[in-house]
Amino acid sequence: MLQCGRFMRQPLRFSLQPFLRRSLHTDLGVSPVLLTRARLLAAEHAKLSTRLADSFDAKIAKRAGELAPSAAILKEWDTANESISELKALLEDPETDAELHSLATEDLETSRQALPSLSDRLKKSLIPRHPFADLPCLVEIRPGAGGDEAGLFAYEMMRMYMTLCSRKGLRPTILKQDVEDGPSEDRLLEAVIEVEADGAYDILRTESGVHRVQRVPATETKGRTHTSAVSVMVLPSFPESGSASDHALNFDDPTSDYYIDPQEVRVEKMRAGGAGGQHVNKTESAIRLTHIPTNTVVSMQDERSQHANRRTAWQMLRAKIAEARQEAREQELVQLRRGAMGGVAKMGRGDKIRTYNYGQSRCTDHRSGITLHNLDDVLAGGDGLESVMDSVRTWISDREVEAMVAEEMAKAEEQEKKEAKQRKK
Amino acid sequence: MPRIRPSTLIKAYQENPLLPLLLKECRTLESARNELRWLREHALRTSQTRQPQTTTPWRTYLSSICRQRSRGYPLQYILGDQPFGDLEILCRPGVLIPRPDTESYVLQAAKLVEQIALEKLSGNKEDKEDKEDSDTTNVPQSKPLQILDLCTGTGCITLLLHALLSPRFNLRITGIDISPAALSLARKNLAHNLQAGHLTHRASTDIKFHRADIMAVNPSSNGTPTIENLLGEYVAAEESDHDHERDQDSSPRELECDLLISNPPYISTADFRNGTTARSVRLFEPRLALVPAPRPHLTTTADVRPEDIFYDRILDISYRLRSKVTVLECGDIQQAERVVSMHTSMAPPAEFRVQIWPWAEEDMAFYGFHSSGGSRCVIIQRV
């Protein structure tokens, strides 16, 4: 009831409506399983804080820092609930005079309004952080089906992300830009943008997937609308070797999940045989790395220095393999959850995620369902694109909350079953 | 060299009329495309920086440098520089252009020297454990590593070694060359990389470039100092620095050198003419840096091939300097093996560990050397 009322009062500003409804369409209360989880985390945070007060330890401080937001929000949520129950008690008390009564009613209303957003924030703070969230990233853009037109649009998408990143101060650089044979510069075969800012992975990871474009291409003579696709992959960019303080992300460490055995990588310098050293002065600096177990191939030829090309190629290979391993792990989790959730909620990189329709000047994201009728602004990397990305971020965290609830519920059930068995015995 | 197929030429022409010109030197379409991109960037850059009224339009300039390139003129002389490690080495006609092979040897040599120095350091630490761990934290204050780079050319080896080793060690690096043009370019490169921030400011005092003829035994008539003159001064300077130390050990200080590295001329006159040496190298790079000049007065080296005379001489210098590590670039595996046998005939093999690098198949693949005709280096380590 209350929720409906809230929606009626709220003016619907623009077409963000579908996603707004989705994001707020979570029940008012926080499910008990999540609440226990939150309490556990808060207790851990309190324990760590007292320990930190005695002696400083970088590891503990890091963990405490991760837990701090959920502990703080839980506290806020608790106080809000407390004040609601206090106000209720005040209202039910027949001795309360009229003036106080009206004040309490008002207060209760505002507290109740604050509660849903609080519980939403609480849930989101419980989502485990993505392992790559703090890292800079690489954005790989490749044309898919659609021939020349896909290459042209891939180039436009590269420009779109470049302007978006520089507008947000994320320091983008083009690591690789392969264009198709021919006189034109703007038909991409492949491009890789490095976004150096920490946390860029978290900002851009909404963009992984297949982007579809519907328009009359420049190459079309009969005015027909074509549909073509461009695939975008956002990969984590690991810090230079050794400097990583975080053990889990140190790719030089053989025990790390993201370690690559150099023995498993074939290095090919694309250079013919013959004499070497002073006898020749070849300017060929291209390099190709193949990770044999997964057959991942990376080639680099943009820089004049072979040394620099080799370094970039290794960076890209590591990024690709880490992303693939992370993807595999997530897939495993999805398999585990499937029973509890009854379906797959995750969208893989093979799924179509967004459509850019020139004829209707429309951009639709298929995950959050948002539609903007300001395509130019989106393609210019402006606020339009940002609001689309924001809506997707909300969508992703909603999915993650759902998954988390399902997981916790499954865990709780199992626990109960075990206890029941023990009791039987 | 296989002929370029006409279909490739046609395809290249359709893509860009300048590409067939570059194809003459590059041989493959991919590498010609890359060169065209670099040349175009260079043409645009020069047209922006120069006064507009004094220069030709960039397209005209681009086609003129492409034609120059098609005659085999080295790309690095046109662009003016070549990346080497993280450095940018300026290249001028008359001085040999740094090769990627050399880059790999320098990286390997730096790794080896670092390993040896750190081992020694930790050994010293065990000896005087009561001195606490002060000497690991004060690495830059420790005794400098002495490095000698013979036939330095552009100075690329000297500068890259400094860039690689200076974060952990105190250094004293001397680059020696016979050519005044090379020396002035080497000094220019030092200043250029200092200015660009590729080298730390210590480089200006740690690095010295000197002119000397390492092949001359007697002081020559034309005034070029011999290596003996130079090393005499080198040692004298050393001793005045360490005067107070000399009181403690009364024996005269021996010459010392932690690393002796060289990329000397090593191409035989036959290989220079018969097509093994590429046209671009033969026509436009200095013969002085490629083919050892015959030395009629060196009669003792009857059993040494004319292309190997530099190694004979450098090995001799390395024994006298008691060099801990000696790294010599060679043209191919046969030459490397000859250098190894020269070494075993000249010095007691028990005192040294010798290897030809890269030897292992995976090293060759990793560093991009091809197994048959490619260059190698000989690493001699005193044990």
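1. Two strands count as paired if DSSP finds at least two bridges between them. Keep that in mind for this predicted model. Strand 1 (residues 81-84) and strand 2 (residues 87-90) of chain B run antiparallel and are joined by four bridges. Within this pair, Phe84(B) has Leu87(B) in strand 2 of chain B as its bridge partner.

2. Look next at the turn. Strand 1 and strand 2 of chain B make a hairpin, with two residues between them. Gly85(B) sits in that turn and has a positive phi of about 60 degrees. Strand 2 of chain B has two faces: Leu87(B) and Ile89(B) are on the covered one, while Glu88(B) and Leu90(B) are on the uncovered one.

3. Chain B also holds an open sheet. Seven strands form it, in the order 5-4-3-6-7-9-8, with mixed pairing. Strand 5 (207-211) and strand 8 (352-357) of chain B are the edge strands, and each pairs on one side only. On average, neighbouring strands of this sheet are turned by 15 degrees against each other, direction ignored.

4. Take one pair inside that sheet. Strand 3 (residues 145-150) and strand 4 (residues 171-177) of chain B pair in the parallel sense, over six bridges. Opposite Gln146(B) stands Arg172(B), in strand 4 of chain B.

5. Helices pack on the strands. Helix 8 (residues 156-165) of chain B lies across strand 3, strand 4, strand 5 and strand 6 (257-262) of chain B. Helix 8 runs at about 170 degrees to strand 4 of chain B. Helix 15 (residues 309-320) of chain B touches strand 3, strand 6 and strand 7 (323-330) of chain B. The direction of helix 15 makes about 170 degrees with that of strand 7 of chain B.

6. Now the contact between the chains. Chain B gives 36 residues and chain A gives 24 residues. On the side of chain B that touches chain A, helix 3 (29-49), helix 6 (100-127), helix 14 (279-284) and helix 17 (361-367) of chain B each supply at least two residues. Helix 3 of chain B has the largest share, five residues. This side of chain B divides into 14 nonpolar, 14 polar and eight charged residues.

7. Finally, helix 5 (residues 98-126) of chain A. Its 29 residues should span 42 Å at 1.5 Å a residue, and the end C-alpha atoms are 42 Å apart, so the two values agree. A kink of about 30 degrees lies at Leu115(A), shortly before the proline Pro116(A). Buried residues of helix 5 of chain A include Ser119(A), Asp120(A) and Leu122(A). The buried residues of this helix pack against helix 3 (32-54), helix 4 (58-92) and helix 10 (383-424) of chain A.

Notes
Residues are numbered from 1 along each chain as its sequence is written. Chains are lettered from A and ligands numbered from 1 in the order in which they are written. This is a predicted model: local features need pLDDT of at least 70, side-chain atom pairs count only at pLDDT 80 or more; totals for chains, interfaces and linings use all residues. Axes are lines fitted to C-alpha atoms, for helices over the stretch in contact, and angles run from 0 to 180 degrees between N-to-C directions. Two residues are in contact if their C-beta atoms, placed from the backbone, lie within 7 Å. Ala, Val, Leu, Ile, Met, Phe, Trp, Tyr, Cys and Pro count as nonpolar, Asp, Glu, Lys and Arg as charged, and the others, Gly among them, as polar. The expected span of a helix is 1.5 Å times one less than its number of residues. The bend at a residue is the angle between axes fitted to the seven residues ending there and the seven starting there. A residue is buried if 20 or more other C-beta atoms lie within 10 Å of its own, exposed if 12 or fewer, and partly exposed in between; C-beta atoms are placed from the backbone.
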